[in-house]
Amino acid sequence: MFRTRVTEKLGIEYPIVVGTMMHISDPVFVAAASEAGCLGVLASAMYKSEEDLKNAVQQVRSLTSKPFAVNLNLFPARVPVDNAAYVEMLIDAGVRIIETSGHGIPEQLVPVLTRPDVTWIHKCVGLRYARKAESLGADMVTVVGYENGGATGILDIGTFVLIPTVARSLHVPVIGGGGVTNGQGLVAALALGAEAVIMGTAFLVAEECPIHINLKKALLEATETDTTLILRSVGNTHRVWKNKKAKEIMQLESDQASGDTVISAASGDNNLLMYQSGDIAKGTISCGQGIGMVNEIKPIKSIVGDIISEAESVIKGL
Ligand SMILES: Cc1cc2nc3c(=O)[nH]c(=O)nc-3n(C[C@H](O)[C@H](O)[C@H](O)COP(=O)(O)O)c2cc1C
């Protein structure tokens, strides 16, 4: 029922990309997403050396024979990785689906990403970036609207406008998301012209999601009003769960604290500590407005199964 150019080209059963998530999209999580019939996306920025990343790729392969992608992070990072070296290594290791996300696409990466045997997906938040990615040779473009968990950019365009605007303008298939958590969202995104959805927030409380149970329980209680934007003052806007740490960062930004102070308050190390320790005030976690519709801890396979059956019944009921 849900065959599209995206499912055909990527060789996946369902038109669902489980969005890459820093400190979360490890081999176990990614393989579970792929095994459930979606595209799992390994977060290369979690690995500080090519060797570590290569081991992670091998670990995914040991857990699934289904397709998966690797994300290259183009956002500003406190400890930048060498994406050119990473992509060469990934190609040598046989990875053939690469997702890039973030500010600007370095020209030096384009010849590798546009190799005929590589499928390149670029993720962005606006028409102008989507057009640029298509003009550089991206095979698919993912767009995420303002509701989404994680980077939101500066354009603040909601998903309901962004998907059809981009899908009408591009020739390549569009993957759309931001606020999609269930079968209703999947059907809506396809109706708007997307050929697959991307979802992150919906999987934050998945059994395989490697964050502490305290954090999952707190997220289960969150509603659509419990997210906020931080880091706009340093040009790296992110939508996160509005916990104590996020409020501290908001206060620093409204007090016009220096960029360094804001960035160090939002350090990824604190986030990782929170994920591992369960101290839910220690760091921040990216989180979309859809969190209000996420209310049960389940394995990824059941989340996906429920999304697909709901989508089928939504279509029948229309
Ligand atoms: C906890 C979390 C971490 C994320 N980390 C990244 C990341 O490192 N790189 C990236 O491109 N997107 C990241 N994202 C964005 C997701 O890949 C995806 O685009 C987004 O979650 C889709 O919107 P939704 O959260 O409304 O479903 C993250 C999202 C979440 C919720």
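**Close-up 1: E1 alongside E2.** Strand E1 (residues 16-18) pairs with E2 in the parallel sense, over two bridges; strands are DSSP runs of at least two residues, numbered from the N terminus, and a pair needs at least two DSSP bridges. Val18 sits opposite Gly40 of E2. This is a predicted model, where local features need pLDDT of at least 70 and side-chain atom pairs count only at pLDDT 80 or more, while totals for chains, interfaces and linings use all residues. Numbering runs from 1 along each chain as its sequence is written, and side-chain values use heavy atoms, leaving out hydrogens and water.

**Close-up 2: E2 under cover.** Five of the five residues in strand E2 (residues 39-43) are buried, meaning under 20% relative accessible area (1.4 Å probe, protein chains only). Side chains in a regular strand alternate between the two sheet faces. Here Leu39, Val41 and Ala43 are buried on one side, and Gly40 and Leu42 on the other.

Close-up 3: Eight strands close up as E1-E2-E3-E4-E5-E6-E8-E9, with parallel pairing. Neighbours in this sheet are turned by 25° on average, direction ignored; axes are lines fitted to C-alpha atoms. Strands E8 (residues 174-177) and E9 (residues 196-199) run parallel, joined by three bridges. Ile175 has Ala196 in E9 as its bridge partner.

**Close-up 4: Met1 at the surface.** Met1 belongs to the segment before helix H1 (5-10); helices are DSSP runs (H or I) of at least four residues. At 63% relative accessibility, Met1 counts as exposed, the cut-off being over 50%.

How values were computed: Axes fitted to C-alpha atoms, helices over the stretch in contact; angles between N-to-C directions.
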